[in-house]
Amino acid sequence: MNTALWAQTDTAKVFSYRDFYDLVLKNHPVLRQANSLSGQAKAELLMAKGGFDPKLDINFDRKYFENKAYFNFWDNQLKVPLYWGGMDIKAGFERNVGDVLGTDIRTPLDGVSYVGINVPILQRFVIDERRATLQNARIFQNIAEAERVKMINKLILTAAKEYWEWYFSYRNQLLIKEFYELAAQRFQLVSKRVMQGDLPAIDTADAQVTLLDRRVMFEQATVELQNARLKLSNHLWDANGSPLELPETAVPQLSAGQVIDVTTLANLLETARLRHPEIQKLDLKAQQLNVDERLGREMLKPRFDIGLSSLNYAHRFITGSKIPDAGAFPAFYKINVDFSLPLLFRKERGKLEIIRVKQFQNTLETQQLRREINNEVQAAYNDVKNLEGQIIQQQIAVQRQAQVLRAEEQRFSIGESQLFLVNQRESKLNELKVKLESMKAKYEKAKATLLFAAGTFE
């Protein structure tokens with residue numbers, strides 16, 4: 001762990017869950033990967049906006065053969081798409097001269113300028129492919145955010161479980177260490193009493209077997225703690241993206257044991273209904289399908305486009321040439337009309353039907369997912385409440401077993417009990433303590449699972 005972080009908790013040597021949580025949300029590579037989704041969505045939006053970029057086209061075509069200038073075509077055009085109405089504004093300069101050109105396409109030797117507009121009257125007036133792409137790209141921004149939250153939720157759930165696994169491994173190792181030290185003390189005590197003739201020699205062997213067995217348990221618990229520490233270190237990174245190691249002197253906090261009440265459950269159910277990333281993604285997908293449906297219905301209209309250009313000599317202002325008196329508008333103009341009508345519309349109707357089927361499927365999937373998430377939250381809450389009750393009962397069991405052990409030790413001290421019974425009572429007490437710590441770890445993991453089921457991480 002880096003010095004700055006550890007300096008905050010070095011005095012108590014406690015690496016709290018909140019410190020761990022903050023560090024994971026700050027530097028974890030998965031978090032950075034999740035944040036990159038927003039950058040990808042911005043790039044998608046930028047691409048969609050490219051459909052409305054002004055475009056400059058320059059075309060030049062010339063034919064000269066056997067001392068004859070057949071034609072010389074030069075057309076420069078700037079086209080500016082407009083969002084509203086699917087219209088395009090254009091302006092340019094055209095020069096068409098040559099020996100074989102007809103008067104319909106020939107221009108003056110110095111060319112002609114023009115400014116015009118193309119307007120879709122029926123199809124593509126309400127919505128077209130460019131606007132649909134842009135609207136879907138904007139919706140994709142929110143989809144990317146929902147996916148980012150989903151990835152963070154999953155990361156926090158995994159990290160929380162491994163933190164509380166570390167907690168249990170630490171508490172388990174402490175209990176077994178205490179268990180082993182008691183066996184070592186009892187072995188020394190029994191050996192002295194056997195030498196004094198107060199106990200039979202077989203008790204020495206019995207005490208030694210117990211000592212060796214608990215030593216094996218302690219060594220195994222130590223290895224499990226080391227492995228749990230290594231797994232937790234997988235989530236520790238500094239601001240530069242370098243991995244950090246959890247120091248051996250670090251210890252976990254005690255289980256908070258925060259009670260989850262019915263009010264909290266109601267809030268989590270409401271959070272899941274409004275903000276669960278999986279539900280949000282389906283809702284946003286429905287919005288995209290609605291955009292596609294609008295476009296599909298628009299494509300069922302006939303195509304009727306009108307283009308109108310005003311022909312002029314604006315370029316002569318630059319050269320200083322004489323501009324002819326053209327009279328009132330529209331003395332010089334060019335108009336074109338484009339009309340097309342598929343007789344059966346089978347392609348368009350097929351696409352629209354596919355979109356509507358997808359909308360129906362998305363609606364059913366959303367309904368099923370809402371029900372599943374609601375039940376998952378309820379089930380996770382039931383697990384939390386069940387563990388709360390079990391922890392209380394286990395604490396009582398530990399207290400009662402401690403009383404039983406003390407009574408057995410008193411009987412053994414006055415010669416009314418056997419070492420086997422003391423060891424048995426002690427083993428049972430340690431088993432109950434380990435189980436209690438396991439329940440506390442499960443309880444904290446169950447709370448993390450409850451938050452994950454509700455689609456939130458805090």
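How many nonpolar, polar and charged residues form the lining of the largest cavity? The lining has four nonpolar, two polar and one charged residues. The views below show a predicted model, in which local features need pLDDT of at least 70, side-chain atom pairs count only at pLDDT 80 or more, and totals for chains, interfaces and linings use all residues. Residues are numbered from 1 along each chain as its sequence is written, and side-chain values use heavy atoms, with hydrogens and water left out.

**View 1. The whole chain, with ten helices and eight strands.** Helices (H or I, at least four residues) and strands (E, at least two) are DSSP runs, numbered from the N terminus. The C-alpha trace spans about 135 × 45 × 35 Å along its principal axes. The radius of gyration of the chain is 40 Å, whereas a compact globule of 458 residues would have one near 23 Å (C-alpha atoms; globule rule 2.2 Å times the number of residues to the power 0.38). Of the 458 residues, 40% count as buried (under 20% relative accessible area; exposed is over 50% and partly exposed is in between; 1.4 Å probe, protein chains only). Contacts (heavy atoms within 4.5 Å) between residues at least 6 apart in sequence join residues at least 24 apart in 77% of cases.

**View 2. The largest cavity, lined by residues of α4, α5 and α10, among others.** The structure holds one cavity of 30 Å³ or more, and the space in the largest cavity is about 30 Å³. On a 1 Å grid over the protein atoms alone, a cavity is a set of points where a 1.4 Å probe fits but cannot get out, and lining residues have an atom within 4 Å of a point. Grid points are joined across faces, edges and corners, and a volume is the space filled by probe spheres set on the points. The lining consists of Ala183, Arg186, Phe187, Ala207, Thr210, Leu419 and Asn423. Two or more of these residues come from each of α4 (129–195), α5 (202–233) and α10 (419–453). The largest share, three residues, belongs to α4. In the class count, Ala, Val, Leu, Ile, Met, Phe, Trp, Tyr, Cys and Pro are nonpolar, Asp, Glu, Lys and Arg are charged, and the others, Gly among them, are polar.

**View 3. The largest pocket, with α10 as the main contributor to its lining.** A pocket is an open set of points with protein on both sides within 12 Å along at least five of seven lines. About 540 Å³ of space lies in the largest pocket. Its lining has 23 residues, of which Tyr17, Gln258, Glu444, Lys447 and Leu451 are the closest to the pocket centre. Helix α10 supplies six lining residues, the largest share. At least two come from each of α2 (17–27), α4, α6 and α10. The lining comprises 14 nonpolar, five polar and four charged residues.

**View 4. The largest nonpolar core, of 37 residues.** A nonpolar core is a set of buried Ala, Val, Leu, Ile, Met, Phe, Trp, Tyr and Cys residues joined through side-chain atoms within 4.5 Å. The members that touch the most others are Val190, Ile260, Ile373, Val377, Val384, Tyr443 and Leu450. Helices α4, α5, α6 (262–275), α7 (277–298), α9 (346–413) and α10 each give at least two residues to this core, and α9 gives the most, with twelve. Apart from this core lies another, of 32 residues, including Phe20, Leu23, Ile152 and Ala228. Leaving aside residues up to four places away in sequence, Val384 touches Ile260, Tyr443, Ala446, Lys447 and Leu450.

**View 5. Arg193 in helix α4.** Arg193 counts as buried because its relative accessibility is 15%. Beyond residues up to four places away in sequence, Arg193 touches Asp198, Leu199, Phe412 and Ser413.

View 6. Most residues other than glycine have a negative phi. At 63% relative accessibility, Glu66 is exposed. At 14% relative accessibility, Phe345 is buried.

**View 7. Val404 in helix α9.** Val404 is partly exposed, at 33% relative accessibility. The C-alpha atoms of Val404 and Ala205 are separated by 24 Å, and the two residues are 199 residues apart along the chain.
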